[in-house]
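Dear colleague,

Please find below the structure I am handing over for your use. My notes on what was found in it follow directly after.

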Amino acid sequence: PPASQNNEQGSTLRDLLTTTAGKLRLGSTDAGIAFAPVYSTGTASGKSGRTMPNILDDIIASVVENKIPPNRAPKINVKSEIKDEPKEDRRCIPDDCGKLYSDIQYSWICDKHVLWLRDHKNNNNWKLFKECWRQGRPVLVSGMHKKMNFSLWKAESISLDFGNQQADILNCKDSIISNANVKEFWDGFEDVSKRQKIKNGETALLKLKDWPSGEDFKAMMPARYEDLLKSLPLPEYCSPEGKLNLASHLPGFFVRPDLGPRLCSAYGVAATKDHDIGTTNLHIEVSDVVNILVYVGIAKGNGVLSKSGVLKKFEEEDLDDLLRKRLKDSSELPGALWHIYAGKDADKIREFLQKIAKEQGLEVLPEHDPIRDQSWYVNKKLRQRLLEEYGVKTCTVIQFLGDAIILPAGALHQV
């Protein structure tokens, strides 16, 4: 901030945290700082006395414990360079957003739990997204593939460019991971006859596990990396340098989560006998995540469901009317089935899965966490029991080609 400003006032989250961190010194009683310091009362050696605070923990703890009174609001000024942000409180619930955001094409799906932004080009999408995001709701943005260079994301194109690479390939049926040539995976992506077979002769359901990821993605696939970044939905939030992307403002001394990007590629279950397995088991991400479906392969070969058969499998799911309508649209190509749960239901789901494990005679160890271990794909029968016995409803979303699904950190999901 300029010298004329009070130096306690930061223009960004980085300034706020770093200036506050500097003031959290031993014995500080500066009443002007936003967060009063909190100290631990012991040390590793067992001696009592104050110690230097753990910066982030103490900042958070002091907010919680000291509850800054209303007449002493913290002097925080996090400026946004986004223009035309509504000054009045435009917080809304699904039923009254229509009149506030009449210039945005959107719908609510999954009993108004998921916001669907239908026009990815609308520059005002972020305003409605903000209202939805503060309530911890997932968001779907369609049509992202229209901004991308589609030829870069075809299976044959990736195989041609990177087929000689080695990567971890996961067999989703038995969770066995093997290191293999990437070309073997892509050869069978749309040709079932070239897929690996497991012991009983059944076709393997394979997943190329997070290959490539993070800095490897950028180094190996610079053209695809740039194509992805320029095509991200809601760039104010999703771009690495987005002005409303918290990660872009974190101080350098914070340990950041792996922000990707990573390429997740998997065969569909249409060619398998068991349709009660998934390519991504139930789990939680530690950061917000955006997942864009950049390519949908159409598998050919013996045992593969026809297009009408695949659509029928989707229709057997507990879908709302808008998703059923999209399935009937010949211009839309469905590719992935998501089941999403709110983070507040995590404890109920964990308890339910441990109960099911005991029913099935599985050993449930004290340190075992079925969500952290990603050991369950919750099938239709179990989803029904989860609703009946614990009151937890599943949010079912079909991801079509070009759809971006944006999930808040802590949301549970399987694919």
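Which residues point one way from strand β1 (residues 106-109), and which the other way? Tyr-106 and Trp-108 point one way, whereas Ser-107 and Ile-109 point the other way, and all are buried. Buried means under 20% relative accessible area, exposed over 50%, and partly exposed in between, with a 1.4 Å probe and protein chains only.

Some notes on the basis of these values. This is a predicted model, in which local features need pLDDT of at least 70 and side-chain atom pairs count only at pLDDT 80 or more, while totals for chains, interfaces and linings use all residues. Residues are numbered from 1 along each chain as its sequence is written, and side-chain values use heavy atoms, with hydrogens and water left out.

The chain as a whole has 13 helices and 13 strands; these are DSSP runs numbered from the N terminus (helices H or I, at least four residues; strands E, at least two). Of its 415 residues, 45% are buried. Where contact means heavy atoms within 4.5 Å, 70% of the contacts between residues at least 6 apart in sequence join residues at least 24 apart.

Strand β1 belongs to an open sheet of 5 strands with mixed pairing, in the order β1-β2-β3-β12-β9. Two strands pair if DSSP finds at least two bridges between them. The edge strands here are β1 and β9 (289-292), each pairing on one side only. From one strand to the next, the twist averages 20 degrees. Helix α4 packs on this sheet, touching β1, β2, β3 (139-141) and β12 (404-407), and its direction makes about 175 degrees with that of β2; axes are lines fitted to C-alpha atoms, for helices over the stretch in contact, and angles run from 0 to 180 degrees between N-to-C directions. β1 and β2 (residues 114-117) pair in the antiparallel sense over 4 bridges, and Tyr-106 has Leu-117 as its bridge partner in β2. In the hairpin of these two strands, with 4 residues between them, Cys-110 takes a positive phi near 55 degrees.

Strands β10 (residues 334-341) and β13 (residues 412-414) pair over 3 bridges in the antiparallel sense, and Leu-412 in β13 is the bridge partner of Tyr-341.

Finally, Thr-394 lies in the loop between α13 (380-390) and β11 (395-400). Why does Thr-394 count as buried? Thr-394 counts as buried because its relative accessibility is 13%. A polar contact of 2.6 Å joins its side chain to that of Tyr-341; the term denotes a pair of N or O atoms within 3.5 Å, where within protein one must be able to donate a hydrogen and the other to accept it, and residues adjacent in sequence count only if both atoms are side-chain atoms.

With kind regards
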